[in-house]
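Subject: Structure handover

Hi there,

Here is the structure I promised to pass on to you.

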Amino acid sequence: MWKSPNPTAYNRVALLQWAIDVYGAAHAKINESRERRNLKPQPYPASFGVKVSRDFEKLGGALVGVYNQTAGLSCVAYTKACLTDCYAGADWFINGTWKSDASRFIFPSGAARHAQNLIAWLEDPEKWETDLCRQLCVLQLEGIKYFRINGAGDLLPGQAEAWLRLVKRHPRLFFWAYTRTWADPDMMPGLLALKAEPNFSLLASVDRVNVNLWIDRGMPLEVATVLVNEDKDYQYIMGKLHKAGLTNPRQAILFQDHKLRKPKLSRNFFTINGTRFTTCPKDRAANKSARVPVTCITCRLCIDRAPRPERIRV
């Protein structure tokens with residue numbers, strides 16, 4: 001029987017206090033920085049509201065909306081493989097372990113914004129949903145057509161259903177997300193409902209720790225993004241998946257960890273038994289020096305996984 005590594009994520013009161021603590025620590029860091037620059041301290045907010053972002057360059061910058069919430073705290077099914085290499089600082093929030101590649105997301109402003117969104121959800125889910133709906137309307141008026149759910153963090157119990165309502169209300173916005181919550185059988189109905197929407201692409205996140213569980217569950221959500229922590233993971237993970245019947249190259253995209261994105265280590269493809277699986281183009285070493293770097297909306301390997309009827313013009 002599967003057991004969550006983060007039972008606090010199922011306890012709204014305990015998780016709320018944890019998120020408030022994270023916000024408090026981030027807020028203190030912000031004011032320490034402001035004090036060094038002789039600026040007035042930032043007041044502690046009287047209430048917390050949700051806010052979407054448009055500053056994630058790898059996704060597409062101002063062309064893409066994104067919702068974030070605190071990584072680790074909001075992850076009910078993280079693994080040892082993804083936790084230690086989380087670009088959004090999950091290992092810092094869970095264990096206090098620093099990852100230099102995640103510094104942009106940790107302190108001060110990133111952590112504060114992500115915690116604020118998480119607190120808003122935990123304090124008043126209905127208001128969270130209403131406020132998000134308004135902001136999604138504004139994005140559409142501004143010409144935004146793509147929206148990434150959980151650039152940091154993952155779905156909490158109840159959020160898949162809330163996002164489903166939002167996705168249905170905004171048929172001209174195209175949403176996509178990656179999740180490890182497929183590991184929780186109780187959350188699968190909500191995930192499958194999301195996946196069925198024509199303007200939503202939902203991919204399972206798989207790594208060397210949970211790959212056997214994903215296979216045993218019948219490869220839920222059908223398409224996976226595979227985290228490759230070390231070079232040997234290519235053969236280990238893809239060998240298991242290929243043996244289990246995953247032979248369609250469009251069913252898996254390989255995400256290389258930061259240490260594998262260096263010129264001598266980075267791969268563009270991995271071939272097993274004649275089937276060539278692609279790595280994420282924006283994470284390849286060559287993309288860093290490209291004159292026009294690849295982003296999610298120029299790549300579209302993940303975004304195009306969902307059906308797109310004619311009525312949805314993106």
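Let me start where helix H7 meets helix H8: on the H7 side the contact is made by Ala160, Glu161, Trp163, Leu164 and Val167, and on the H8 side by Gly190, Leu191, Ala193 and Leu194. Sorted by class, the residues of this contact are 7 nonpolar, 1 polar and 1 charged. Please keep in mind that this is a predicted model.

As for the geometry of that pair, H7 covers residues 159-169 and H8 covers residues 188-195; their axes come within 9 Å and cross at roughly 20 degrees. That angle is why H7 counts as roughly parallel to H8. The crossing of H7 past H8 is left-handed.

Helix H6, residues 125-141, packs against H7 at an angle of about 30 degrees, and the two axes are 10 Å apart. H6 and H7 are therefore roughly parallel to each other as well. Here, though, the crossing is right-handed. From H6 the contact takes in Trp128, Glu129, Leu132, Cys133 and Leu136, while H7 brings Gln159, Ala162, Trp163, Arg165, Leu166 and Arg169. The class count for H6 with H7 is 7 nonpolar, 1 polar and 3 charged residues.

You will have noticed Trp163 in both lists. What does Trp163 touch once its neighbours within four places in sequence are left aside? The answer is Tyr67, Trp128, Leu132, Phe147, Ile149, Leu155, Phe175 and Leu194.

Trp163 also leads on to the nonpolar cores. The largest of them has 71 residues, and Trp128, Phe147, Trp163, Phe175, Trp182 and Trp214 are the ones with the most contacts inside it. Helix H5, residues 109-123, gives the most to this core, with 8 residues. Another core lies apart from it, made of 16 residues, including Trp176, Leu203, Cys280 and Cys296. As general background, nonpolar side chains tend to be buried together in soluble globular proteins.

Phe270 belongs to strand E7, residues 269-272, and Thr275 to strand E8, residues 275-278. Are they buried or exposed? Phe270 has 6% relative accessibility and so counts as buried. Thr275 is buried too, because its relative accessible area is 12%, and the cut-off for buried is under 20%.

Not counting residues up to four places away in sequence, Phe270 touches Tyr234, Gln235, Met238, Leu254, Thr275, Arg276 and Phe277. One of these, Gln235, is 35 residues from Phe270 in sequence, with 8.6 Å between the two C-alpha atoms. With neighbours up to four places away again not counted, Thr275 touches His242, Thr247, Pro249 and Phe270.

A few loop positions may also be worth a look while you have the model open:

- Gly49 sits in the loop between helix H1 (12-36) and strand E1 (64-67). Its relative accessibility is 23%, so Gly49 counts as partly exposed. Beyond residues up to four places away in sequence, Gly49 touches Gln116, Asn117 and Ala120. From Gly49 to Lys80, 31 residues along the chain, the C-alpha separation is 31 Å.
- Asp257 is in the loop between strand E6 (252-256) and E7. At 3% relative accessibility, Asp257 counts as buried. Leaving aside neighbours within four places in sequence, Asp257 is in contact with Asp85, Val228 and Asn229. Thr181 is 76 residues away from Asp257 along the chain, and their C-alpha atoms are separated by 21 Å.

Finally, two backbone angles for you to check by eye. Asn150 is not a glycine, yet has a positive phi of about 60 degrees. Asn150 lies in the loop between strand E2 (146-149) and H7, and is buried, with a relative accessible area of 3%. Glu222, also not a glycine, has a positive phi of about 70 degrees. The loop that holds Glu222 runs between helix H9 (211-216) and strand E5 (224-228), and Glu222 is partly exposed, with a relative accessible area of 48%.

Happy browsing, and do write back with any questions.

Best wishes

Methods: Residues are numbered from 1 along each chain as its sequence is written. This is a predicted model: local features need pLDDT of at least 70, side-chain atom pairs count only at pLDDT 80 or more; totals for chains, interfaces and linings use all residues. Side-chain values use heavy atoms; hydrogens and water are left out. Axes are lines fitted to C-alpha atoms, for helices over the stretch in contact, and angles run from 0 to 180 degrees between N-to-C directions. Helices (H or I, at least four residues) and strands (E, at least two) are DSSP runs, numbered from the N terminus. Angles under 35 degrees count as roughly parallel, over 145 as roughly antiparallel, 65 to 115 as roughly perpendicular and the rest as oblique. A crossing is left-handed if the near helix is turned anticlockwise from the far one by less than a right angle, and right-handed if clockwise. Contact means heavy atoms within 4.5 Å. Ala, Val, Leu, Ile, Met, Phe, Trp, Tyr, Cys and Pro count as nonpolar, Asp, Glu, Lys and Arg as charged, and the others, Gly among them, as polar. A nonpolar core is a set of buried Ala, Val, Leu, Ile, Met, Phe, Trp, Tyr and Cys residues joined through side-chain atoms within 4.5 Å. Buried means under 20% relative accessible area, exposed over 50%, partly exposed in between (1.4 Å probe, protein chains only).
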